[in-house]
Amino acid sequence: MGRVAGKVALVTGAASGLGLAIASRLAEEGASVVLTDVAREAGMAAAAQLPNARFEYLDVTSESAWESLLQSMDSLDVLVNCAGIVELASIEHTTEALWRKINAVGADGTFFGCKHALALMKANGGGSIVNMCSTASIQGGPNIFAYAASKSAIRGMTKSVACLSTQEGYGVRCNSVHPGNMQTPMLSRMYDVVKAHDPEAAAQMDRLWVGDPVDVANMVLFLASDESRSVNGAAMVVDNTTTITEGAVLKHE
């Protein structure tokens, strides 16, 4: 207990999935956590179950919304940019509307978060920004083209923010986390779509290793804590060797 005691943390996309798991672990370890999402009811219910937590509605695609929220906060020690959406489509089937929709949440939302959190954190002497990426930014994701592109942009942003902060002495660390498939509502929705259109592909998915969101949350906790004070600009992979194994990583009963 207490690995992030006394820290103020803001987590986007915190009403469910990885965001909720992350918010829960940070709260368990002593942080005061602001859960944000566009799912107001789910977010409020989630925050009510956690110690020292509250919910704030935040549309991450709006820079003015980011400015308004962060201006209302006296301090911010940890920002976790976790909000993201995914839809199945290769580049051949990605429309302009789909491209803009996915990148508005993933790439734009992370950009706005990093930009305005950096200003607040450097004024207060430092902090930790953790950006949620994906193994799709390492391996590529042919059938989640826009999502993979947004995560690749976030990976580049992360390193640029980290280098700037180090060079200018801001005291703000910025790292990215790259999960493989995790048991979240997002993955479940993707599975349902695949099963409806390609049962054989869904059967193959059933055989693959899938991680627990708490494994990602524990990595974020480490990066949020002072234990990782020399870790800056890193891409932390949580995938049980998926990105380095030849062939598929299968689950074991």
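Start with the aromatic rings: this structure holds 2 aromatic pairs. Select Phe111 and Phe112, which form one that is tilted, with 5.1 Å from centre to centre and 40° between the planes. Show the surface around these two residues. Phe111 is partly exposed, at 38% relative accessible area, while Phe112 counts as buried, at 11%. Keep in mind throughout that the model is predicted.

**Stop 1: a histidine in helix 4**

Select residues 96-123, which make up helix 4, and pick out His116 within them. Is His116 buried or exposed? His116 has a relative accessible area of 14%; buried means under 20%, so His116 is buried. Now display the side chain of Glu63: the side chain of His116 makes a polar contact with it, at 2.8 Å. Not counting residues up to four places away in sequence, His116 touches Glu63, Trp66, Glu67 and Leu70.

**Stop 2: the largest nonpolar core**

In soluble globular proteins, nonpolar side chains tend to be buried together. The largest nonpolar core here has 36 residues. Which of its members touch the most other members? Select Ile22, Leu26, Leu35 and Val80 to see them. Then colour the elements that each supply at least two residues of this core: strand 1 (8-11), helix 1, strand 2 (32-37), helix 2 (40-48), strand 4, strand 5, helix 9 and strand 7. Another core, of 25 residues, lies apart from it and includes Leu58, Val60, Ala83 and Leu118.

Go back to Ile22, which has its place in helix 1. Ile22 is buried, with a relative accessible area of 1%. Leaving aside neighbours within four places in sequence, Ile22 is in contact with Val11, Val80, Cys82, Met132, Ala217 and Val220. For a sense of scale, draw a distance from the C-alpha of Ile22 to that of Asp108: the two residues are 86 apart along the chain, and the atoms are separated by 21 Å.

Next select Leu35. With neighbours within four places in sequence again left aside, the contacts of Leu35 include Val11, Ala14, Leu20, Ala23, Ala46 and Ala47. Leu50, Ala53, Arg54, Phe55 and Glu56 are also among the residues in contact with Leu35.

**Stop 3: helix 9**

Select residues 213-224, the 12 residues of helix 9. From first C-alpha to last, helix 9 reaches 16 Å, close to the 16 Å expected at 1.5 Å a residue. Which residues of helix 9 are buried? They are Pro213, Val216, Ala217, Val220, Leu221, Leu223 and Ala224. Look down the axis: these residues are on the same side of helix 9, because they cover an arc of only 165° around the axis. An α-helix has 3.6 residues a turn, so residues three or four places apart point the same way.

Now show what covers the buried residues of helix 9, including helix 1 (17-28), strand 4 (78-81), strand 5 (127-132), strand 6 (172-179) and strand 7 (235-238). Finally, zoom in on the start of helix 9, where a side-chain oxygen of Asp212 reaches to within 2.9 Å of the backbone nitrogen of Val214.

**Stop 4: two positive phi angles**

Most residues other than glycine have a negative phi. Select Asn52, in the loop between helix 2 and strand 3 (53-57). Asn52 is not a glycine, yet has a positive phi of about 50°. Asn52 counts as exposed, at 55% relative accessibility.

End in the segment after strand 7, where Thr241 lies. Phi of Thr241 is also positive, near 75°. Thr241 counts as partly exposed, at 36% relative accessibility.

Note on methods
Residues numbered from 1 in each chain as written. Predicted model: local features only at pLDDT ≥ 70, side-chain atom pairs only at ≥ 80, totals over all residues. Heavy atoms only, no water. Helix = DSSP H or I, 4+ residues; strand = E, 2+ residues; numbered from the N terminus. Expected span 1.5 Å × (residues − 1). Buried < 20%, exposed > 50% of the residue type's maximum accessible area, 1.4 Å probe, protein only. Arc of directions from axis to C-beta. Contact = heavy atoms within 4.5 Å. Polar contact = N/O pair within 3.5 Å; in protein donor to acceptor, adjacent residues only side chain to side chain. Phe/Tyr/Trp six-rings, centres within 6.5 Å; stacked < 30°, edge-to-face > 60°. Core = buried A, V, L, I, M, F, W, Y, C linked by side-chain atoms within 4.5 Å.
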